[in-house]
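Please work through each task with the structure in view before reading its solution.

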Amino acid sequence: MKKLTLVFALLFALHSFSQEKSFEIVGKLVTEDSNTPIESATVYIERVKDSTIVTYTISDKEGKFKLQNTTYDKDLNFYVSYVGYKTYLKKLAIDKEKIDVGTISMQLDNQLDEVLVKSTAPITIKKDTLEFNVKSFKTKKDANVEDLLKQLPGVEVDDEGKITVNGKEVNKILVNGKPFFGNDPTITTKNLTKDIIEKIQIVDTKTKAQAFTGESGDEENKTINLTIKEENNKGVFGRVSAGAGTDERYELAGMVNFFDNDQRISVLAGGNNTNSPGFSFGEISKMFGNGGGISFNSNGSFAIGGRSFGGGQGITTSQNAGVNYADQIGENTEIAGDYFYSSSSSENESSSQRETILADSRFFTNSKSRSDNDTDSHSANVEFEIETDSTFQINIEPSFSYSKTRTRYSSDEETLDEDLVLTNQSEVNSNVESFAKEFSNEISVTKRYGDKGGFVRVELETSVNQQESDDFLDSNTEVFGANPETIIRDQFTDGEKNSYGVTTELTYRLPIIAKKFFLNFEYEYSRDKDKNRESTFDFNNGTQGFTDFNTDLSTDFEYTDTRSVPSFGLTYRGEKWSTRFNLGYNIRTLENEDLLRPQFNVERQFKNIEANYRINYRFSPKSSIYASYWLRNNPPALRQLQAFTDVSNPLSTVIGNPNLEPSNRHSFYAGYNGFDWQKRTGFYANVNATVTNNQVISRTTVDPETLRRTTTYENVNGNYNYGVSGNFTKDVKLDTLRTLKFRFRARYNFSERINFNNDIKYASQVQTISPRVGLDFIWNKVMEFKPYYELNFTNNAYDIEAFEDRQFTRHNAGLRTATFLPKNLEWRNDISFNYNPNVADGFQKSAWFWNSTLAYSVLKDKGIITLKVYDLLNQNTNARRIATQDYIQDSQSTVLRRYFMLSFSYKFNSLGSKGETRGGDVIFFD
């Protein structure tokens with residue numbers, strides 16, 4: 001019966017296509033008052049029957065437009081919308097293939113604010129804002145915000161949930177102008193449903209203070225603001241989900257939102273043992289945790305942020321809970337806050353083989369390790385925005401976090417010389433328990449004066465970070481050769497690290513030309529102080545306790561970094577181009593007081609110039625070009641400056657260098673981005689380059705007999721890198737239901753690094769080329785077919801004969817499919833193939849990775865029953881090869897393998913239903 005239903009559905013679709021007519025609508029837009037062409041007006045047509053968008057475009061700089069599509073309707077409603085002008089409407093008869101509507105004169109609208117709010121155009125381009133009308137973009141019924149974003153022209157969402165708009169990354173998502181669970185976009189995009197959103201607005205990322213003064217923000221990143229219609233902004237909505245699977249796999253998630261106009265409360269909770277964010281609802285492809293919700297830290301815990309779990313390290317069981325609150329208090333104060341709790345337990349086993357290349361020889365290291373990690377963490381953030389009047393604003397943003405972590409780690413390692421003779425080996429077992437508390441606060445006070453754009457701002461940032469740790473270590477190290485040695489350690493280390501920081505900044509902007517040209521004066525003072533103590537005690541057989549203080553393995557120091565930076569700059573903002581320049585003088589003092597070894601105390605002062613420059617030229621609202629330059633200096637790290645000998649690792653000794661200088665980095669970045677709304681074509685390209693002087697590098701010598709390493713640090717010149725990347729997208733509308741989307745991306749990077757190998761100075765050059773091509777075929781409400789292929793090629797070259805040049809190739813191919821027939825049934829597949837031909841024998845060179853999901857909607861689309869299979873072929877692997885300046889390493893670790901899971905999710909919504917009336921002034925023409 002299901003097969004018969006599918007056949008009838010396909011036959012009906014084919015019959016509909018046979019009735020469709022192709023059409024082309026052309027014309028020109030001018031202003032009624034001055035008869036000048038109108039660029040970037042939205043031109044669109046809707047079905048008369050149900051107001052469904054058929055197609056749309058944007059007028060070019062000459063005011064001309066062209067609409068092309070197919071339809072089986074006899075008549076369509078033709079609209080023109082432009083900010084500040086009355087909406088133009090005309091009913092067109094689709095009785096011929098080419099329709100010329102001639103020159104249309106747009107009339108001014110005095111009710112500008114009302115038009116801005118109620119415009120129903122698919123796209124509205126304002127001066128600094130790109131706005132999409134959600135109603136105009138069709139998605140599946142249970143779509144979340146991420147599904148919606150994927151339908152918007154110029155917007156790309158990758159496999160890890162990273163969002164780019166016209167080639168620029170989105171780093172913040174707001175809901176009605178307020179943050180939603182901090183600054184992690186994936187919580188919003190994956191857990192809010194499309195049906196509550198009215199508009200999507202995209203702007204350059206700005207701080208609240210920058211938005212208040214009208215300053216330019218972060219032009220390299222974008223912010224998305226999701227607006228909810230006023231009558232749809234009161235009520236309760238959310239969803240719950242639960243799933244159980246083979247191998248005792250499970251997933252639980254729940255989220256409830258209480259909206260009451262300005263007041264908003266959201267609560268979420270979840271848990272799973274499938275390496276997914278604890279607040280992921282699990283249906284469709286999102287059940288596989290490949291949306292960028294969590295990433296593993298070095299200690300085995302995970303953090304919210306952006307990582308694919310197919311092929312990740314270890315298996316994590318997690319529980320999460322959080323609450324978000326936003327409200328307006330009185331007429332002048334807005335408040336937003338969130339609390340988040342997360343708990344995780346992870347386990348991982350890894351193995352690696354490393355070949356280290358020396359100037360006159362090489363050696364090999366084989367290692368295996370196991371780690372178990374438990375983490376509990378709490379975090380809270382609050383934002384206050386107070387505007388006493390239109391010229392005075394106060395922002396206060398305190399945050400607090402607490403975490404408790406316990407890590408159990410064991411490893412076995414052996415080192416062999418180039419004749420494969422065992423030279424040394426070690427066994428390590430450790431048990432570490434740590435606690436961390438952190439408090440920070442940012443206060444910004446801004447006063448605007450006059451009406452020309454001038455302001456005065458005072459900012460104060462404070463931070464306190466306290467960490468405590470108990471580390472039990474049991475290790476056995478054996479060194480062979482002419483002078484064999486066995487080093488046994490049974491130790492306890494009591495650690496304490498406290499950091500205190502304060503930064504204050506004064507900014508004064510003086511208008512030279514009202515709202516266009518400004519002179520900026522800034523002064524920044526900061527002081528950061530670190531107190532680090534590690535007291536190590538050896539086990540005493542007599543007392544049967546850790547009572548023997550080990551001075552060589554203990555540290556106790558205080559490190560202070562003080563900066564004083566006066567600067568001035570110029571800013572110009574015009575209609576087409578803008579630029580800014582800033583020049584500062586950095587007076588930095590570094591002090592290190594070693595309480596155990598006073599002879600190693602250090603005090604250094606550095607004076608450096610800092611500068612940055614940026615220029616941006618906008619050809620039109622559709623395309624722009626930009627370039628930036630920075631001169632920065634970075635001080636050596638504390639451990640690099642300390643001159644004492646660190647012998648905590650018996651096989652690797654580290655000695656600091658108190659004579660290190662700060663590094664000076666020159667960076668250049670330029671790019672172009674453009675999207676042709678008529679042709680649905682996007683092209684984004686950029687070039688970057690960096691030259692670093694006085695780069696701090698590690699200088700390691702290896703004992704030829706024992707293969708013990710001794711490392712110190714040194715400044716070098718000659719490090720540089722550059723890269724070029726480009727991205728091309730093209731959408732081809734085959735008809736009203738079928739679309740082809742072509743995607744091509746390519747990156748090239750080159751870097752040269754100066755290094756030392758057993759006191760021999762050499763240069764290493766690394767070139768990488770990474771092209772990727774994809775083709776999406778989308779048949780609305782029927783199917784999706786999305787193949788892709790990516791090639792990664794790396795070439796490592798050296799200027800000394802002892803090192804052989806190396807080439808590495810990695811192939812990644814995949815196919816994502818979806819079918820939506822019969823009604824209420826959705827079947828998705830995500831198939832990928834990875835091939836690493838250069839990985840050493842004994843490691844898996846290739847693997848197929850196949851996830852499959854079958855979902856059925858019930859209860860009038862409020863419920864979804866889902867059956868999913870993770871790693872259907874049971875071939876998941878994360879074997880990888882890494883090449884650096886002096887070694888090549890192959891490694892692999894624990895990954896999540898095949899399981900089946902059946903789950904059910906249910907969503908509820910008591911928000912007010914959206915109105916269907918069209919607002920604003922509309923002029924009708926016969």
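**Exercise 1. Salt bridges**

Task: Identify the partner of Glu 610 in a salt bridge, and describe the setting of the pair.

Solution. Glu 610 pairs with Arg 563, and their closest N and O atoms are 3.6 Å apart. A salt bridge here is a side-chain nitrogen of Lys or Arg within 4 Å of a carboxyl oxygen of Asp or Glu. Helices (H or I, at least four residues) and strands (E, at least two) are DSSP runs, numbered from the N terminus. Finally, Glu 610 and Arg 563 are both buried. Buried means under 20% relative accessible area, exposed over 50%, and partly exposed in between (1.4 Å probe, protein chains only).

The model is predicted: local features need pLDDT of at least 70, side-chain atom pairs count only at pLDDT 80 or more, and totals for chains, interfaces and linings use all residues. Residues are numbered from 1 along each chain as its sequence is written, and side-chain values use heavy atoms, with hydrogens and water left out.

Solution. Lys 208 forms a salt bridge with Glu 383, with 3.0 Å between the closest N and O atoms. This pair links distant parts of the chain, 175 residues apart: Lys 208 is in helix α5 (residues 208-213) and Glu 383 in strand β23 (residues 362-389). Lys 208 has a relative accessible area of 24% and is therefore partly exposed. Asp 731 and Arg 743 meet in a salt bridge at 3.2 Å, N to O. Asp 731 lies in strand β40 (residues 719-733) and Arg 743 in strand β41 (residues 738-757), 12 residues apart. Both Asp 731 and Arg 743 are buried. A network of salt bridges links Glu 784, Lys 786, Glu 826 and Arg 828, and the search of the whole structure finds 36 salt bridges.

**Exercise 2. Aromatic rings**

Task: Classify the ring pair of Phe 537 and Phe 549.

Solution. Rings of Phe, Tyr and Trp (its six-membered ring) pair if their centres lie within 6.5 Å; planes under 30 degrees apart count as stacked, over 60 as edge-to-face and the rest as tilted. For Phe 537 and Phe 549 the centres are 5.5 Å apart and the planes at 65°, so the pair is edge-to-face. Phe 537 is in strand β28 (residues 517-540) and Phe 549 in strand β29 (residues 545-549). Phe 537 is partly exposed at 22% relative accessibility, as is Phe 549 at 40%. Elsewhere, ring pairs join Phe 472, Phe 492, Phe 539 and Phe 546 into a cluster. The structure holds 26 aromatic pairs.

**Exercise 3. Backbone geometry**

Task: Which residues are joined by a cis peptide bond, and what is the phi of Lys 781 and of Asn 824?

Solution. Most residues other than glycine have a negative phi, and most peptide bonds are trans. A cis peptide bond joins Leu 821 and Pro 822, with omega about -5°. Pro 822 lies in the loop between β44 (806-819) and β45 (825-835). Asn 824 is also found in the loop between β44 and β45, and its phi is near 75°, a positive value. Asn 824 is partly exposed, with a relative accessible area of 28%. Lys 781 has a phi near 65°, also positive, and is placed in the loop between β42 (760-779) and β43 (783-798). At 64% relative accessibility, Lys 781 counts as exposed.
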